[in-house]
Amino acid sequence: MKPLAFFLFAIGSSLISCQVPETNPSANGKRPPNIVIFIGDDLGDGDLACYGHKVLRTPHTSRLAAEGMRFDAAFLTISSCSPSRASILTGRYPHSTRAEDLHDPLPGDQKMISQYLRDAGYYTASIGKWHLGNEVRKQFDDVIECQAAPTAQNTVKLIKDRPKDKPFFLWVASTDPHRPYQLKTIDDPHKAENVVVPPYLPDHPMIRKELALYYDEVERFDACVGSVRAALEEAGELDNTIVIFMSDNGMPFPRAKTTLYDAGIRTPLIVRYPRAVPKGAVQKNLFSVVDLAPTLLAMAGVKHSTMQGESQAAMWFDAKAKGRDAVYAEANWHDFEQFTRAVRDDRFKLVRNYYNDLPLWNSVDSISSITWVGYMEMKKAGKLTAAQQQIFLEPRPREELYDTQADPDEFVNVANDPKYAADLARLQKKLDTWREQTDDALPKERKPDGWTREGDPLPHNQPWYDRWIKQGKKNQFETY
């Protein structure tokens, strides 16, 4: 089937009665849409001005949202960067990619969206953070590894120098706002006294200081978006480009990154494509990023055969259109051993802790930061709230159930409340069914932790740690 015919069939079958705007430029004799995905590194879901943040200055993402659609209930499949990226690009759940642990290389037989598009005549490139291993590099025409501000510079140059006779797919993977943080990242740094401390973190001067530095890097990433957007406009390609803005996991602070709470797995998601996506729309229904690649392939008129996700194009065309009735996420090894699964519908979330004998995990970049120093000072002084004490709970509950409407911060576990028994049973069944359908098996043995709880390497992790030292990624707080 030709790309245009397949595209029209896919759209027609998914929208049913919805009126479809013009979606495929090839209908007017033009080539299929370009695709640009901006992906932040450890960017929290509400940490943009367009999501209501009162301090962060992110005008370029706000402009994207005003010109396109903002998703308020978009969820990742994991809250750990390399398996999250592998999942997004393959349209598969992390355990199905066989790269579910941090730093696992993506096997070469896992087909990414870039390869599908490349086979269909697209020019494809990855710019910025790679983190996917060597076996899948060949699925992009170009892989340009760089960090922070050069990501924007290299992307702008590539847009100018790209093959002009092909549509293009660009994976723009900034290292912002990942630690280690730097001083004077932007011209007007944020002030510690102005930051908004999430309720799951104690209000401590060191935590405020690091949140301000995190804000600075978020703003630098926003500037990257602005630069690339301007390059697309100058090239005359902006309105023929599907622009996506998202993150790989929650912000790198305790009870966010690596966890399956919303602070870890909910992502900002903005889609701009004026040929199909309504301007200034807000999509409040559930969207899983496992469906992102299949949706983009449908928009490009390209078939796929390996993805577990499904096209949710109808959600992009109509803010009232519903997608999934539930989304699923997992947590695997990330510095510390874990095996946790979650299912979330539009109100309730079930988190199942298979290794519940251990306290809540945190990423090593979090526990080797000044935030952790401040956290421990507050703990020693007895100034933590009951919710902030939860990360030290040992053992943890086998199952946690949260009413996210009444308790958006997920502090009150109602799994043992008889009033919620039916909701618990319903989500238990959904989670069990999903695990069975995706062949999600508990490992025969646990993978050892890589670090102590104080952030120091265990002997078997020393070689990796030594490389980390050489890159200047340890003792982060000594620089600020």
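Arg255 turns up in the loop between strand S7 (241-247) and helix H8 (262-265), with helices (H or I, at least four residues) and strands (E, at least two) being DSSP runs numbered from the N terminus. Its phi is near 70 degrees, a positive value in a residue other than glycine. The model here is a predicted one, so local features need pLDDT of at least 70 and side-chain atom pairs count only at pLDDT 80 or more, while totals for chains, interfaces and linings use all residues. Residues are numbered from 1 along each chain as its sequence is written, and side-chain values use heavy atoms, with hydrogens and water left out.

At 2% relative accessibility, Arg255 counts as buried (under 20% relative accessible area; exposed is over 50% and partly exposed in between, with a 1.4 Å probe and protein chains only). Asp439 also has a positive phi, near 55 degrees, but this residue counts as exposed, at 69% relative accessibility. Asp439 sits in the loop between helix H14 (421-437) and helix H15 (462-470).

The backbone has a couple of cis peptide bonds to look at too. One runs from Asp176 to Pro177, with omega near 0 degrees; another runs from Arg179 to Pro180, again with omega near 0 degrees. Pro177 belongs to the loop between strand S6 (168-173) and helix H7 (205-234), and Pro180 is in the loop between S6 and H7 as well. For context, most residues other than glycine have a negative phi, and most peptide bonds are trans.

On to the charged side chains: the structure holds 43 salt bridges, each a side-chain nitrogen of Lys or Arg within 4 Å of a carboxyl oxygen of Asp or Glu. One of them pairs Glu237 with Arg31, the closest N and O atoms being 2.7 Å apart. Glu237 is in the loop between H7 and S7 and Arg31 in the loop between helix H1 (3-15) and strand S1 (34-40), so this pair ties together parts that are 206 residues apart in sequence. Glu237 is buried at 9%, whereas Arg31 is partly exposed at 23%.

Arg57 and Asp188 meet in a salt bridge at 3.3 Å, N to O. Arg57 lies in the loop between S1 and helix H2 (59-67) and Asp188 in the loop between S6 and H7, so parts 131 residues apart in sequence are tied together. Finally, Asp45, Asp262, Arg266, Arg344, Lys349 and Glu410 are linked in a network of salt bridges.
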